[in-house]
Amino acid sequence: MAEASAVGSRSRTPYLLLLPGMAWLAVFFVVPLVSLLMQSVQTPLPGGLPGQYEQTFRFANFVDVLSRTEFLGALGRSFLFALLATVAALLIAYPLAYAIALRAGRAKPLFLVLVVAPFFVSFVLRTIAWRQILGAEGPVVGALQALHLVPSNFSIYPSSLAVIAGLTYNFLPFMTLPIYASLDRMDTRLIEAAQDLYSSSWTAFRKVTLPISMPGVVAGTLLTFIPASGDYINAQLLGNATTTMVGNVVDSRFLVNSDYPTASVLSFTLMAIILAMVFVYVRRAGTEELV
Amino acid sequence: MDLNGDLVLRDLRKEFGDFVAVDSINLTIAQGSFFALLGPSGCGKTTTLRMIAGLETPTSGQVLIGGTDITHTKPHQRPVNTVFQSYALFPHMDIFENVAFGLRRRGVGNVEKQVMDTLELVQLAHLARRKPGQLSGGQQQRIALARAIVNRPAVLLLDEPLGALDLKLRRQMQIELKRIQTEVGLTFVHVTHDQEEAMSMADTIAVMNHGVVEQLGGPLDLYERPVTHYVANFLGQSNTFEGTVASRDGEFARLATADGEFSVTSAQSSGTLAMGVRPEKLEIAETTGNTVPPTANQVRGTVTDAAFTGVSTQYVVRLRSGKEVTVFEQNLLFGRRAQVGDEVTLYWDARHSFALPASAAHAAAADGS
């Protein structure tokens with residue numbers, strides 16, 4: 001009897017451990033998600049004040065919103081900027097992570113702290129700092145002007161380029177750390193083995209190091225692309241009216257215009273597209289087609 | 001045999017800061033031979049191997065294969081392949097692709113037959129589509145070997161390839177390695193700290209210590225005629241006696257020691273000398289029942305320990321001077337064995353004693369007296 005109940009309670013333990021997490025997800029993920037979906041199919045309350053809506057399950061809201069070019073443009077820009085920022089972050093982060101993991105020696109912890117150091121300063125402040133860096137009086141433009149590569153009235157901020165640069169910078173640690181982790185775990189004797197088996201350094205990298213670090217690359221690109229496509233701080237602080245991302249539209253529709261259905265439709269669409277893209281990406285990565 | 005494929009190390013030296021890992025060694029390793037670099041960890045054997053592979057740059061000296069200087073070529077340009085101690089199989093590729101790796105890098109077109117033939121050779125063709133992580137240690141070891149020999153390198157380097165295997169599997173792989181070496185006829189350079197492994201497989205062994213080759217020779221040579229104390233004690237056990245040459249007796253020198261006079265093969269006619277004799281060469285007159293031959297060396301002592309180990313009984317006998325000698329007696333006898341406390345006469349054929357240079361301490365003491 002006692003034995004049976006001991007076995008029974010042991011088999012219940014995993015579920016008990018799962019309970020807090022599941023409850024958290026239910027309250028803070030499932031409920032808002034359902035509420036978002038419900039809001040996306042509401043219509044204005046007849047005779048009501050702005051911001052008053054009734055539940056009419058008008059799925060045509062999706063068609064209305066997604067046929068407006070300004071919203072489509074914002075969605076398109078979101079994915080384009082996020083994609084470019086992800087690629088740029090990958091190109092910067094991979095060599096950085098490689099150098100820290102395989103070449104830094106005893107300075108490794110120091111470099112890792114430096115990678116994470118920007119997090120000690122507020123996200124907004126760091127982004128505002130980029131205005132100065134990229135602005136007309138900033139060092140980047142100054143250097144370009146000194147080299148006579150750009151006219152005297154040239155400025156990078158505000159522009160799409162500034163937004164992408166901001167996104168790249170802000171999400172760089174999220175790209176660097178997973179790649180670092182996968183490279184640091186790798187047995188460096190595998191590189192020697194590849195060189196011993198007639199691979200030049202470059203071939204050894206392409207055939208051994210890169211494929212083995214792919215899980216890190218996949219994790220890094222997801223951790224960069226997903227938040228970057230929903231980001232609005234960078235577009236708001238470093239962009240202008242022509243660089244609006246979907247996050248900015250959601251922000252203004254929700255908080256300024258009290259246009260909850262439109263904001264919900266855009267949020268939901270953004271989420272659905274990201275999910276679909278991630279699904280395809282991870283499946284391809286899983287079958288090593290990306291290598 | 002064609003001598004053009006010999007591997008030659010000429011004054012090869014490697015320093016790491018102040019530490020001399022390999023101290024200007026010279027070796028010629030004949031094509032097609034099974035050569036072992038034997039020594040304790042830190043003796044420079046692995047560094048030597050890595051310099052042959054091109055994974056370490058020598059401080060000075062040369063590496064030549066078939067007369068071609070390859071000292072300054074990159075690892076991938078050398079006709080040399082390595083079986084790594086940790087195997088270093090590529091975890092993201094299956095067994096077939098691991099073995100095909102070298103062939104593909106050299107642009108060999110149809111690799112299927114060569115890869116499968118090599119997998120047959122190591123008897124693992126049925127695992128071609130598994131990943132390395134799904135294989136046991138012994139299987140991974142064979143794949144590492146297959147991945148190297150499929151390329152038919154001029155020299156195959158093996159870095160403690162059996163170190164991670166358990167004893168039984170290690171013995172089995174030793175036999176298999178030897179079979180494969182004979183079958184493919186490649187030059188094998190095998191690094192190990194296991195003297196039994198080196199002796200059972202290699203044609204020639206270089207015993208290394210502190211970055212230098214202490215002695216070079218066949219297994220039997222090294223065992224029966226070690227020339228340094230280090231070799232005498234690293235390969236098996238030795239009982240050593242220090243003394244002064246008192247007279248000569250034909251090919252033998254008569255060595256006066258604290259435990260009496262012994263004959264030892266040596267050309268020396270005066271001065272200090274040390275003599276060694278292997279424990280299994282000693283016989284106990286009381287248990288064999290034989291009379292001691294007149295030309296044999298003999299010494300009396302007291303048995304202080306007797307341990308039965310199955311194939312033999314290992315005795316420790318204390319001599320008059322207090323020196324303790326080890327005796328291995330094969331379990332062939334029906335009579336009584338020596339017991340602890342017994343007074344015994346040990347004897348051995350003079351040809352079994354080998355001369356060693358006198359230790360520095362003894363030579364100094366002899367000079368002073």
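How far apart do the C-alpha centres of domain 1 of chain B and domain 2 of chain B lie? They lie 39 Å apart, the domain assignment of chain B giving domain 1 as 3–226 and domain 2 as 237–368, with bounds that come from an automatic or database domain assignment.

This is a predicted model, in which local features need pLDDT of at least 70 and side-chain atom pairs count only at pLDDT 80 or more, while totals for chains, interfaces and linings use all residues. Residues are numbered from 1 along each chain as its sequence is written, and chains are lettered from A and ligands numbered from 1 in the order in which they are written.

**The sheet of chain B**

Chain B holds an open sheet of four strands in the order S2-S1-S4-S5, with antiparallel pairing; strands (E, at least two residues) and helices (H or I, at least four) are DSSP runs numbered from the N terminus, and two strands pair if DSSP finds at least two bridges between them. The edge strands, each of which pairs on one side only, are S2 (19–29) and S5 (68–69) of chain B. Strand S4 (residues 60–65) of chain B pairs with S5(B) in the antiparallel sense over two bridges, and B:Leu64 has B:Asp69 in S5(B) as its bridge partner. Helix H1 (residues 45–53) of chain B packs on this sheet, where it touches S1 (7–16), S2 and S4 of chain B, and its direction makes about 115° with that of S1(B). Contact here is counted when the C-beta atoms of two residues, placed from the backbone, lie within 7 Å.

**Helix pairs**

Two packed helices are described by the angle between their axes and the distance between the axes. The axes are lines fitted to C-alpha atoms, for helices over the stretch in contact, and angles run from 0 to 180 degrees between N-to-C directions.

| Helix pair | Angle | Axis distance |
|---|---|---|
| H4 (137–149) and H5 (167–184), chain B | roughly 15° | within 12 Å |
| H2 (95–105) and H3 (112–121), chain B | roughly 120° | within 9 Å |
| H3 (69–103) and H7 (160–185), chain A | about 40° | 6 Å |

Angles under 35 degrees count as roughly parallel, over 145 as roughly antiparallel, 65 to 115 as roughly perpendicular and the rest as oblique. In their contact, B:Gly138, B:Gln141 and B:Ile149 of H4(B) meet B:Leu169, B:Met173, B:Ile180 and B:Val184 of H5(B), which by class gives five nonpolar, two polar and no charged residues. Ala, Val, Leu, Ile, Met, Phe, Trp, Tyr, Cys and Pro count as nonpolar, Asp, Glu, Lys and Arg as charged, and the others, Gly among them, as polar.

H2(B) and H3(B), whose axes cross at roughly 120°, are therefore oblique to each other. B:Phe96, B:Val99, B:Ala100 and B:Leu103 of H2(B) make the contact with B:Gln114, B:Val115, B:Thr118 and B:Leu119 of H3(B), and six of these residues are nonpolar, two polar and none charged.

In chain A, the angle of about 40° makes H3(A) oblique to H7(A), and the residues of their contact divide into 25 nonpolar, two polar and one charged.

**Where the chains meet**

The contact between the chains takes 15 residues from chain A and 16 residues from chain B. On the side of chain A that touches chain B, the elements giving two or more residues are H8 (189–196) and H9 (201–230) of chain A, and H8(A) provides the largest share, six residues. By class, that side of chain A has seven nonpolar, four polar and four charged residues.
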